[in-house]
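Subject: Structure handover

Hello,

Please find the structure below, with the sequence. My notes on it follow.

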Amino acid sequence: MKKNTLTFLLCIFVMSLLHAQEATVKGRVIETNSGEPIPNVQLSIEESIYSTTTDANGVFTFTDSNLPLGEQILLVEKSGYITLRFPITIQSGSTVNFDPVLMEVDFTDAQSQIGVISLADDELDDDDGSSTNVSGLLQASNDVFLNAAAFDFSATFFRPRGLDNANGKVLINGIEMNKQFDGRPQWGNWGGLNDAQRNRDFSMGLTPNDYAFGDLAGTTNIVMRASQYRQGGQVSHAFANRTYQGRAMGSYNSGVSAKGWAYSVLISRRYGNEGFIEGTLYDANSFFASVEKIINPNHSLNFSAFYTPNRRGRSTAITQEVFDIKGNQYNPFWGKQDGDIRNARTREIEEPVFMLNHHWTISDKTRLNTNLGYQFGKIGNSRIDNNGTTLVTVNGQDTYIGGARNPDPNYYQRMPSYFLRFENPTANDYQNAYLAEQEFRNNGQFNWENLYLANQIATNGGKNAVYALQEDRIDDTQITANTILNTILTSNITLNAGLNFRSLKSENFASIKDLLGGTGFLDIDSFAEDTIDVDAGDIAQSDLRNRNRIVQEGDRYKYNYEIDATVAGGFAQAQFKYRAIDFYIAAQGSQTSYQRNGLYENGYFPGERSFGKSEKLDFTDFAAKGGLTYKITGRHLIDFNSAYMTKAPGIRNSFSNARQNNDVVIGVDSEKIQSVDLSYIYRSPIIKARITGFYTGFEDATEIGFFFTQSIQGQGEDNDAAFVQEITTGIEKRHLGGEFGIEAQVTPTIKLKAAGSLGQYIYNNNPNIYYTSADFDNPITFGDGTTKLKNLHLSGGPEQAYQLGFEYRDPDFWWVGATANYFSNGYINVSKLRRTDAFTTDTDGLPFNDFDENTARGLLQQEQFDDYVLVNIVGGKSWRINNYFVGFFATINNVFNQEFKTGGFEDSRNADYRKLVEESNRDTPVFGSRYFFGNGTTYYINAYFRF
């Protein structure tokens, strides 16, 4: 009996083993024309919880004893390629091998994305962070909401989850490209290289990335290896009216030869006298080359270089008064010189990048990628210096004579409101206001001839130039090195780890770009005045070691200093993938140091205060994150991510007035961030949808502002006027909201889509604030030393954005789409000075005797911008002729020419109660808020030939 029982149990055990045999589905995905493997292709077995992605060699594998058996549908999809669905039969204990799976480029999709990315060069090149749609348009993916945010919401400076682009990481060939100055990518460094940047790996939000720890707004790695490009080439030409007027581009990729060599080259040019905004010159050339040698199956060496010199004419925010007279295309920075448009404020970027990448396949399961990067060059921003003077000696006393009126055509003393600033204007005041309005309406542009004439008169009188064109320069030299390990520990566990190092030497100075016909420019501060202890002749010196220096074109002047910065760090990440749940954990550590080295001894801050090395700042930071995806069924998923991290402040927010002295920000500290998001995801052959709730909290953030004010209340020149540095520390912010996207393929040719975001992004405390200036000796505060910001909204695009749209793709390779986009809850950037106790304080240090709390509450109410709707239309057509492709892509943005504000800021020149009451009582304020206005109707047309 016992023997029979054992035999029966043994049979049951054997049968269970047979029943539990694993089934395997594997294969390799390659590009149809080139035969090159395609990494990061998403594969899933429909109606199941099983999904995977291809590796760098295009290989994928499903292995599990619980794979659904019988006839199934394998879904193969990647952005930029035509989605595949084909039947498979899975049997227990057997292997299904698909090698190769051929994917064909979706040219309509690829060209539309590349085309729209080209449209956003103005935002991508923006250096002040006003446009910060996460990782720029490079983040476009299969996610419906992200596509809406990238292609339709970006024109409004919308920020997904309210995040600045410093909160996203951009890598090229595994090397981080975010600047140490402010943490933001310098998009101009690789503008115009669209055809070389199609290979992108994007990880949304906190989700894991194989190349880096990442950041709140996601991680984009642009792969620019010669061996990874499809063999062939493309030439294209585009016409537009947004930022540039034309773009020509040509590229060729050799593919991998029999001897293991591959190369890729690209050249492009973008040009235009002006875009939608008047006078915005665009002059940009782009060059890219990459050579790779596959030494053997385990080793390859790639060298990539790109150089994208570009020169852009800039524009600025304008007051409502200026807008009412000149409209949303007005730009005060340009004027005609000898019949040609010349912009006084141009931005030039010349920063070539060189990369060497070694890829080592240690085994089938382990890869090591080591990278070395080198970047150098310059970023220059020009502006008019109207403080040129001449040193004269009268009765043994040195003095400086000269200086000139601000030449900007929209300078407040040239506007109609200036002549009506007093109560009960006279007939003469109205006459002067009318003449000013007519002059501004009919002319209103920069008068270059007057500047040259003023300098000619000065030269004839034996004096120095009154005007000069100044260029503020940042000349960086940076070396980057990192190594990234990816290893498959088991069939369920993958380990990613990396070490990185960056060393930066940054030269910062002003130089004379153009003397505008003058003979020389005296390097002193013409606003300097005698104090009790110091003669104005000393205070005025930019460099006490080179007094009263006459500078020529190309010479440095005003300020001159270096910043040395280093960052060393590493990360480790483990990814676990199981039948019903995927999860990950990751950690990161870094050490950051900054030090200023002053090369001029400034007259306001003599000795070590400005000359020589500053205090060395050191920041030790760490971060941890984790998340999971729970597969309820093949169609229903729950995704969760959370993180805590500290981040060192950028160079910009570490020194309070780096141009003049060595002072570091008092109490500067690393920013602390907590973040969590939870998503429900639905996917079926017809419908894809995601809804997400998110929260991010920031603590100990630092911000620095620079401006002239007449409300410093008894502390500055003439008692209440000074040019100040405003340093705000300990800032807390709260980002709370939700986003959704849904897409329905209602027929094989028609797709409907909807997306939206509802957020609230506010200050969460009253942070500390203090002011420094050359006009007073020590930092000053008002009242309790805080600014009352709690519950005020952060600026940076609308908090709410919604979209409805459709897309029609004809089997004959033409397509058209349209979207209607609604935006609301955009807010102005508030003046922090207005919300200090300086607002209630008179110049004698006592409260205003006429202060009214209800009036004050109205004056400090944060402005909310009007809601608006933008309609966009896109479309294209492609033809395949043998192995060649010809096509075009076109878009019209803001079809109905809607006028709208994308942002703005309150003026802090008048920031106290009494002055603001005076302003509010005027029909038109003299120092009103300044606004950024969105573009009207714009178009873009791109035609291409691909071979």
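I start with one residue and its surroundings. Leaving out residues up to four places away in sequence, Thr 156 touches Gly 797, Pro 798, Phe 823, Tyr 868, Leu 870, Phe 900 and Thr 902. Thr 156 itself sits in the loop between α4 (144-151) and β8 (169-172). The residue is buried, and its relative accessible area is 0%. Please keep in mind that this is a predicted model.

For the chain as a whole, I count eleven helices and 47 strands. The radius of gyration is 31 Å, close to the 30 Å that the globule rule gives for 947 residues, so the chain is as compact as a globular protein of that length. Its C-alpha trace spans about 125 × 65 × 55 Å along the principal axes. Of the 947 residues, 55% count as buried. Taking contacts between residues at least 6 apart in sequence, 71% join residues at least 24 apart. The accessible surface is about 39,800 Å², and carbon and sulfur atoms hold 54% of that. On charge, there are 83 positive and 111 negative side chains, with the centres of the two sets 8 Å apart.

Next, the nonpolar cores. The largest has 25 residues, and the members that touch the most others are Ile 512, Phe 521, Tyr 594, Leu 617 and Phe 655. Two or more residues each come from β27 (493-514), β30 (556-577) and β33 (617-631). The largest share, five residues, is from β30. Beyond its neighbours within four places in sequence, Phe 655 has contacts that include Ile 563, Tyr 594, Leu 617, Val 664 and Ile 704. Another core lies apart from this one; it has 23 residues, including Leu 67, Val 76, Tyr 81 and Val 96.

Two further buried residues may be worth a look on your screen.

- Lys 78 is in the loop between β5 (70-77) and β6 (84-90). With a relative accessible area of 17%, Lys 78 counts as buried. Its C-alpha atom is 6.1 Å from that of Gln 42, which is 36 residues away along the chain. Outside four places in sequence, the contacts of Lys 78 are Ile 38, Pro 39, Asn 40, Val 41, Met 103 and Asn 142.
- Thr 729 belongs to strand β37 (residues 722-745). Thr 729 is also buried, at 9% relative accessible area. Neighbours within four places aside, Thr 729 contacts Val 665, Ile 666, Ala 701, Thr 702, Pro 767 and Asn 768. From Thr 729 to Ile 828, 99 residues apart along the chain, the C-alpha separation is 21 Å.

Last, some backbone points. Most residues other than glycine have a negative phi, and most peptide bonds are trans. The following depart from that:

- The peptide bond between Asp 99 and Pro 100 is cis, with omega about 5°. Pro 100 is part of strand β7 (residues 95-103).
- Phe 813 is not a glycine, yet has a positive phi of about 65°. Phe 813 is in the loop between β41 (800-810) and β42 (814-824), and at 47% relative accessibility it counts as partly exposed.
- Asn 882 likewise has a positive phi, near 55°. Asn 882 is in the loop between β43 (868-881) and β44 (884-893), and is exposed, with a relative accessible area of 65%.

Regards

Key:
Residues are numbered from 1 along each chain as its sequence is written. This is a predicted model: local features need pLDDT of at least 70, side-chain atom pairs count only at pLDDT 80 or more; totals for chains, interfaces and linings use all residues. Side-chain values use heavy atoms; hydrogens and water are left out. Helices (H or I, at least four residues) and strands (E, at least two) are DSSP runs, numbered from the N terminus. The radius of gyration is taken over C-alpha atoms; the globule rule is 2.2 Å times the number of residues to the power 0.38. Buried means under 20% relative accessible area, exposed over 50%, partly exposed in between (1.4 Å probe, protein chains only). Contact means heavy atoms within 4.5 Å. Accessible areas come from the Shrake-Rupley method with a 1.4 Å probe; for residues, only the protein chains shown count as cover. Lys and Arg count as positive and Asp and Glu as negative; His and the chain ends are not counted. The place of a charge is taken as NZ of Lys, CZ of Arg, CG of Asp or CD of Glu. A nonpolar core is a set of buried Ala, Val, Leu, Ile, Met, Phe, Trp, Tyr and Cys residues joined through side-chain atoms within 4.5 Å.
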